[in-house]
Amino acid sequence: MLFTGRGLLTGSPAWVDQQGGRQHIDAWAGPWVLDERWWANDTPTRYLSRLQVVTDAGVAMLMRFGADGWQLEGVYD
């Protein structure tokens, strides 16, 4: 899943792959597009996007999309 020129998702998130297997996504919120370090002239601006998801097992996660693709950034308690 990627983004449009306006920072919207090109489709609905459907699943998350983890070491324990694939989990289906029941609900999601976002994305929130960030441009980090835009003020710093010595480093290029880094563009990230974050997305909150809740799996069918009830696990709430924060996902991050950057140069390395989608990554798990955190799990909510």
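## Basis and overall fold

Strands are DSSP runs of E with at least two residues, helices are runs of H or I with at least four, and both are numbered from the N terminus. Pro 31 lies in one such run, strand S2. The model is predicted: local features need pLDDT of at least 70, side-chain atom pairs count only at pLDDT 80 or more, and totals for chains, interfaces and linings use all residues. Residues are numbered from 1 along each chain as its sequence is written, and side-chain values use heavy atoms, with hydrogens and water left out.

The chain has 0 helices and 5 strands. Along the sequence the pattern reads β-β-β-β-β. Of the 77 residues in the chain, 27% are buried. Buried means under 20% relative accessible area, exposed means over 50%, and partly exposed lies in between (1.4 Å probe, protein chains only). The chain exposes about 5500 Å², by the Shrake-Rupley method with a 1.4 Å probe, where for residues only the protein chains shown count as cover. Contact means heavy atoms within 4.5 Å. Among contacts in the chain with a separation of 6 or more, 27% come from residues 24 or more positions apart.

Strand S4 covers residues 60-66 and strand S5 covers residues 69-75. The two run antiparallel and are joined by 6 bridges. Strands pair if DSSP finds at least two bridges between them. A hairpin links S4 to S5 through 2 residues. Two bridge positions can be named. Leu 62 has Gly 74 of S5 as its partner, and Arg 64 stands opposite Gln 71 in S5. S4 is mostly covered, with 6 of its 7 residues buried. In a regular strand, side chains alternate between the two faces of the sheet.

## Glu 73 and its arginines

Glu 73 belongs to strand S5. Glu 73 is partly exposed, at 34% relative accessibility. Leaving aside neighbours within four places in sequence, its contacts are Arg 50, Leu 62, Met 63 and Arg 64.

Arg 50 lies in strand S3, residues 46-55. Arg 50 counts as buried, at 19% relative accessibility.

## Aromatic rings

Rings of Phe, Tyr and Trp (its six-membered ring) pair if their centres lie within 6.5 Å; planes under 30 degrees apart count as stacked, over 60 as edge-to-face and the rest as tilted. The count comes to 1 aromatic pair. In that pair, the ring centres of Phe 65 and Trp 70 are 5.1 Å apart and the planes meet at 55°, so the pair is tilted. Trp 70 is partly exposed, with a relative accessible area of 25%.

The charged end of Arg 22 sits over the Trp 15 ring, 3.6 Å from its centre. That label requires NZ of Lys or CZ of Arg within 6 Å of the ring centre and within 35 degrees of the ring normal.

Strand S2 spans residues 21-36 and includes Gln 23. Gln 23 counts as buried, at 17% relative accessibility. The side chains of Gln 23 and Thr 55 form a polar contact of 2.9 Å. Beyond its neighbours within four places in sequence, Gln 23 touches several residues, including Ala 14, Trp 15, Val 16, Asp 56 and Met 61. S2 also holds Pro 31. A cis peptide bond joins Gly 30 and Pro 31, with omega about 5°.

Ser 12 sits in the segment before strand S1 (15-18). Ser 12 is exposed, with a relative accessible area of 56%. Ser 12 and Ile 25 are 13 residues apart in sequence, and their C-alpha atoms are 9.4 Å apart in space.

How values were computed
A polar contact is a pair of N or O atoms within 3.5 Å; within protein, one must be able to donate a hydrogen and the other to accept it, and residues adjacent in sequence count only if both atoms are side-chain atoms.
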